[in-house]
Amino acid sequence: MSDKPVTRRNFLYITTGTFTAAGAASLVWPFVDQMNPDASVKALASTEVDLRPIAPGQSITVLWRGKPVFIRRRTTEEISEAKAVSLDELPDPQDDAARAKNPEWLVMVGICTHLGCIPLGQKGEYNGWFCPCHGSHYDTSGRIRKGPAPTNLEIPDYVFLNDNTIKIG
Amino acid sequence: MSDNYVPKSAVGKWFNERLPLLDLIYGHLMPYPTPKNLNYFWTFGGILTFCLVTQIITGLVLAMHYVADADLAFASVEHIMRDVNYGWLLRYIHANGASLFFMAVYIHMARSMFYGSYKEPRELIWIIGVFIFLLMIATAFMGYVLPWGQMSFWGATVITNLFSAIPIVGESVTNWLWGGYAVGSPLLTRFFTLHYLMPFLIFALVILHVWALHVPGNNNPEGIDVVKGSQDTVPFHPHYVVKDLFALVVFLIIFAGFVFFVPNLLGHTDNYIQANPLQTPEHIVPEWYFLPFYAILRAVPDKLGGVILMVSAIAILAFLPWLDTSKVRSAKYRPLYKQFVWLFFANTIFLGYLGAQVADGLFLIMGRIATVYYFAHFIVILPLLGYIEKTKPLPKSLSEPVLTKEEKEMLASGATT
């Protein structure tokens with residue numbers, strides 16, 4: 001190539017080819033993006049929950065964006081158990097205070113971070129959650145302690161609208 | 001028999017002169033020279049073609065009654081089972097057909113491994129076959145999701161979550177696949193679309209598979225090259241047409257046995273419970289034909305590592321023609337390989353057994369050992385065997401191994417048999 005002079009024809013080939021490739025590539029995006037979550041899915045992005053019916057030691061599961069969210073009113077033993085753990089023992093170190101805005105209320109996405117099963121509550125070796133699919137054990141703060149899951153149970157964005165109501169999302 | 005087809009009717013002649021399609025089909029089905037010693041393990045190509053066509057036809061009619069929507073899918077399958085005329089039969093043929101398709105493909109693959117059919121000059125046939133297998137896996141998995149039962153839903157959840165193991169972009173990729181933040185209607189609709197498309201892609205690959213096969217011709221149990229048109233070959237029709245049809249009839253008896261007597265034996269009862277995103281079944285198991293790969297996935301205590309290993313377990317098959325360093329094809333003449341290949345088959349079946357168990361304690365340890373052995377077969381044993389194994393002398397022709405001593409002497413002295 002280098003010993004031949006660049007001709008008008010070379011220039012036309014390259015510009016035509018480049019524009020065709022760029023045009024084709026830009027057309028790919030609509031075909032890819034149509035699969036992303038659509039406007040109607042995104043519109044269901046927040047859920048409000050009334051906390052009054054939940055007694056200490058009880059949990060409820062609500063659906064947020066098609067995912068289950070565990071809301072647990074923890075007992076004092078569970079809270080102290082969660083706070084007593086040294087961070088060195090955790091595969092994904094996180095302080096309990098960073099996971100529960102109000103220590104009494106633990107709000108987290110109820111999906112095992114391994115492959116998406118729903119862990120069972122108050123089970124497993126750490127008295128927290130246990131995923132029956134591939135055997136991940138979570139503690140009373142929803143932190144991974146043992147098993148294949150890589151991270152702690154996810155904490156969604158939520159705010160306390162007042163003492164009795166939270167808004168997830 | 002002549003190689004060129006001469007149509008008898010005037011219409012046939014008129015057509016064939018303009019498009020020699022009849023010529024092409026005739027050449028591949030009638031005079032095509034085939035080794036004369038093919039055993040019944042060579043009938044699975046025909047059986048698999050039958051399976052594919054059966055799945056396409058039953059699938060086509062099932063799609064006329066099925067609704068791909070998360071709220072309606074489960075009910076529409078029950079509607080097929082209860083209300084649609086012969087719907088139960090069509091669905092049972094389709095569901096059991098998938099299982100038998102995999103049974104046949106595993107035997108077909110094992111045949112190729114045992115007799116070294118993937119070796120030069122048949123590497124590309126094998127590689128196309130691996131792609132067909134991959135598409136079959138994807139098609140079967142997506143098909144299993146469509147009834148929207150508990151196993152459908154949670155199987156889809158576990159498998160689509162495999163993509164979340166990809167570093168950095170994992171979550172975006174899974175949300176893109178789902179079209180949402182969890183498995184739901186958008187995923188079901190796209191799975192239905194792809195489940196409908198893929199069998200036709202498989203069909204196209206099957207044509208390439210057969211085309212590539214008919215260039216060098218069939219391998220055979222002796223694994224030696226045969227000269228086309230010599231005494232070692234016979235025309236495909238009638239010899240193998242009849243043999244294939246006989247095997248197909250036997251296969252159909254087994255197929256009918258499943259469909260009419262134990263249609264749900266290979267399925268999971270939990271899939272007759274409608275999908276519930278708030279409750280995971282006690283024990284998620286994939287269909288039986290995925291169990292060995294599922295066992296490999298679970299053998300690794302790391303999410304990304306497990307996914308990589310499971311994908312590698314299938315991908316490594318494509319490299320088999322180069323991992324096996326021995327020039328001798330058939331295990332009949334490879335005393336060590338013959339033992340190792342049986343061990344490999346047994347190990348794979350054992351992995352399948354482990355895939356159905358709860359991954360804990362002893363099962364987990366055995367799963368790890370079996371996983372290591374699965375890969376060791378490909379990356380340690382096969383490359384080494386080519387160098388250390390003393391193979392048996394190969395026969396000069398297909399006739400030689402079956403001739404008596406006197407017949408051999410007669411041949412050697414130049415007498416005609």
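Q: How many residues apart are Glu78(B) and Arg82(B) in helix H4 of chain B?
A: Four, with both in helix H4 (residues 73–82), so about one helical turn separates them. Helices here are DSSP runs of H or I with at least four residues, strands are runs of E with at least two, and both are numbered from the N terminus.

Q: What kind of model is this?
A: This is a predicted model, where local features need pLDDT of at least 70 and side-chain atom pairs count only at pLDDT 80 or more, while totals for chains, interfaces and linings use all residues. Residues are numbered from 1 along each chain as its sequence is written, chains are lettered from A and ligands numbered from 1 in the order written, and side-chain values use heavy atoms, leaving out hydrogens and water.

Q: Back to that pair. What do Glu78(B) and Arg82(B) form?
A: A salt bridge, with the closest N and O atoms 2.9 Å apart. The term means a side-chain nitrogen of Lys or Arg within 4 Å of a carboxyl oxygen of Asp or Glu.

Q: Is Glu78(B) buried or exposed? And Arg82(B), buried or exposed?
A: Glu78(B) is buried, at 16% relative accessibility. Arg82(B) is exposed, at 66%. Buried means under 20% relative accessible area, exposed means over 50%, and partly exposed lies in between (1.4 Å probe, protein chains only).

Q: How many salt bridges are there over all chains?
A: The search finds 15. One of them joins Arg72(A) and Glu78(A), at 2.7 Å from N to O. Arg72(A) is buried at 4%, and Glu78(A) is buried at 6%.

Q: Which residues are linked in a network of salt bridges?
A: Glu89(A), Asp139(A), Arg143(A) and Arg145(A). Within that group, the side chains of Asp139(A) and Arg143(A) meet at 3.1 Å, N to O. Asp139(A) is buried at 3%, and Arg143(A) is buried at 1%.

Q: Where is Ser141(A) found?
A: In the loop of chain A between strand S7 (136–138) and strand S8 (144–146). Ser141(A) is buried, with a relative accessible area of 0%.

Q: What does Ser141(A) touch?
A: Leaving aside residues up to four places away in sequence, Ser141(A) touches Arg74(A), Ala82(A), Asp96(A), Arg99(A), Leu106(A) and Met108(A). Contact means heavy atoms within 4.5 Å.

Q: New topic: where is Thr43(B)?
A: Thr43(B) is in the chain B loop between strand S1 (33–35) and helix H3 (44–63). Thr43(B) is buried too, at 3%.

Q: And what does Thr43(B) touch?
A: Lys243(B), Asp244(B) and Ala247(B), not counting residues up to four places away in sequence. Lys243(B) is 200 residues from Thr43(B) along the chain, but their C-alpha atoms are 7.3 Å apart.

Q: How many helices and strands are in chain B?
A: There are 16 helices and two strands. Of its 417 residues, 50% count as buried.

Q: What does the C-alpha trace of chain B span?
A: About 80 × 60 × 40 Å along its principal axes.

Q: What share of chain B contacts join residues at least 24 apart?
A: It is 79%, among contacts between residues at least 6 apart in sequence.
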